[in-house]
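Hi there,

Here is the structure I promised to pass on to you. Have a look at it first, and then read on for what turned up in it.

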Amino acid sequence: MSTQFPAFAVLIIILQLFISLARAEVYYYDFIVKEVNFTRLCESKLMLVVNESFPGPELRARKGDTIYVNVYNQGFYGFTIHWHGVKQPRNPWFDGPEYVTQCPISPGTNFTYQINLTTEEGTVWWHAHSDWTRASVHGTIVVLPALGTTYPFPAPDEEESIVFGSWYMGNLKETIDECMVPENATNLPEAAAYTINGQPGDFALCSANSSYRFKVDYGKTYLLRILNANIDAEMYFAIAEHNLTLVGMDGAYTKPLDSSYIMISPGQTMDMLLDANISTLGSYYMVAREYVSAKIDTVSSYLDDAVAILEYNGNYSSLDAPVYPELLPMSLSQEPAYSFLKQIRSLATPEYPINVPLESDVTKRMYITASSNALYCTPDLGPSCVNISWAASVNNISWVNPSESILQAYYKNISEPIYETDFPDEPPVYFNFTDKSTAIDLGLTVQGTKVTMLEYNETVEMVFQGTDVEGASVNHPMHIHGLSFYVLGFGFGNYFAERDSKTFNLIDPPFVATFITPKNGWLAIRFVADNPGVWFWHCHMERHLTWGMESAFIVKNGGTPETTMLPPPATMPSCDVPLESSAIRDKLERTD
């Protein structure tokens, strides 16, 4: 691997780590998860939330601390919680994706998660990891610098969390359950509005004067902790007449990047510095606008924007309407998104070193196609088979959740029929992946629960390749559990190693947990598999995850107690859990 800094810098980091561990704290939180009535867009409905809030409560701790969260399920169906961007070293039991590392928490029961904050610093987050429940069950995790250390930038005067969310009409769980019945063969729902800190803002139906208000003092600097918790939407974001400075992403610091706007994908967090330096005191709209990478003809108007208001404290007339940002890209504008992302760099200083795997370090190479597909019946599947028009895959395998936890099966040395260990390292057929293809043989996929086995400390290079199969090329924000990865580069068209590897950033690439594969393009990443356990990876567009665009790694133990997965807690949830909404269960009971 590349050596970025002298050995004495490493010694400093180790010394700081020991000091922070000696001062580490333990925090305890309760999550009461139940249905609560909310009113938005002229409609009142019951919605599953944590502690009666949307978005959910913010967790706060320092680097090196441990958090215990006791989750009480007072709802009507099972779910799990995932701690997104938290590596959970040697402890995948508390990572959360249902049927990968655990079975859902049954209604009327509770389960306590242990969250170990080790290398993370900045903003990460938590969310439900069961179907689309995360639409309303999510929140931020603020990881402050360890005691005795500080930020690598001038300390802000104050901070504020900004959470983008999706709002759906009616009962989302019932809608999803209906859509997933194969006989229905319907597409999954679209959000009726987007929200900032739970509110769609002034321009949405029945929402006048409901915008979230962020009050600031002139001359102060604020740290904005921005989370895109949307189900499917990438977002442009800007504040009228103010610039933003990116200083962190996915729980790691970045080189400062000044911009009039940002683009943030579902699953990503960004830490931004905001100088409240406008001498004309007043109100300024903070606007989140959907960035659409799909091929559509219509362009969102400002009426579809989620808005909040930045409001200066002071003596001035508040009768004037807030100023709207002029430099916010339009929804179908592609170039501003990639222009912003290409500028992101790791901080990469002696105090915050990075260690980028080099070409000679790589021991495992994977070339992964991400495609939209269909599942059609063939004679060997029998008369009970039902065609499914909506599916997705990686390397032409469309993931199916097993009925038991993969992690528990692996720990007991059981594989089949729970999972298979032959996920392919490359697609079964090579063709022009970025050419629109409606050929039936290229559009079909097969279902399976296939994982990749990795040796401990194996160095992995993954290249994700977007395809235009079924004419459905879009961005894919790819997320890996249990580790962060270096983004070596991304580009457009089909990836060619000899050509495109020459463009890799091996000096200061972003170190993240989620990053987009561009539509009709590629994303190249590297990481070291130094965390034993079962770790899910998937597209963070929820409809693609629902349709099967995911798989998992199993990282073997390293041969010493310090490199061996911890044993399971005694209170792991049972796998006999109701998952359907009450409406679907009632229908099934009437049918019986």
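Is Glu159 buried, partly exposed or exposed? With a relative accessible area of 24%, Glu159 is partly exposed. Please keep in mind as you read that this is a predicted model.

**Salt bridges**

In the whole structure, the search finds 28 salt bridges. Another of them joins the side chains of Lys63 and Glu121, at 3.6 Å from N to O. Lys63 sits in the loop between S3 and strand S4 (66-73), and Glu121 in the loop between strand S6 (110-116) and strand S7 (122-128), so the pair connects parts 58 residues apart in sequence. Lys63 is partly exposed at 24% relative accessible area, whereas Glu121 is buried at 5%.

A further salt bridge runs between Arg526 and Glu461, with the closest N and O atoms 2.8 Å apart. Here the distant parts of the chain are strand S30 (residues 521-529), which holds Arg526, and strand S25, which holds Glu461; the two residues are 65 apart. Arg526 is buried, with a relative accessible area of 2%, and Glu461 is buried too, with 7%.

What is its relative accessibility? The value for Phe464 is 1%, so it counts as buried. Beyond its neighbours within four places in sequence, Phe464 is in contact with several residues, including Ile368, Met478, Trp522 and Trp537. Phe464 and Ala524 are 60 residues apart in sequence, yet their C-alpha atoms are 6.5 Å apart in space.

**Aromatic rings**

There are 38 aromatic pairs in the whole structure. In one of them, the rings of Phe94 and Phe111 have centres 6.0 Å apart and planes at 25°, so the pair is stacked. Phe94 is in the loop between strand S5 (81-84) and S6, while Phe111 is in strand S6, 17 residues apart. Phe94 is buried at 7% relative accessibility, and Phe111 is buried at 1%. The rings of Phe164 and Phe237 have centres 5.3 Å apart and planes at 50°, so that pair is tilted. Phe164 lies in strand S9 and Phe237 in strand S13 (residues 234-239), 73 residues apart. One aromatic cluster is formed by Phe31, Trp83, Phe94, Phe111, Tyr113 and Trp126.

**Helix H2**

Which residues of helix H2 (residues 172-179) are buried? They are Leu172, Lys173, Ile176, Asp177 and Cys179. Looking down the axis of H2, these buried residues fall within an arc of 165°, so they line one face of the helix. An α-helix has 3.6 residues a turn, so residues three or four places apart point the same way.

Happy exploring, and write back with any questions!

Key: Residues numbered from 1 in each chain as written. Predicted model: local features only at pLDDT ≥ 70, side-chain atom pairs only at ≥ 80, totals over all residues. Heavy atoms only, no water. Buried < 20%, exposed > 50% of the residue type's maximum accessible area, 1.4 Å probe, protein only. Helix = DSSP H or I, 4+ residues; strand = E, 2+ residues; numbered from the N terminus. Arc of directions from axis to C-beta. Contact = heavy atoms within 4.5 Å. Salt bridge = Lys/Arg side-chain N within 4 Å of Asp/Glu carboxyl O. Phe/Tyr/Trp six-rings, centres within 6.5 Å; stacked < 30°, edge-to-face > 60°.
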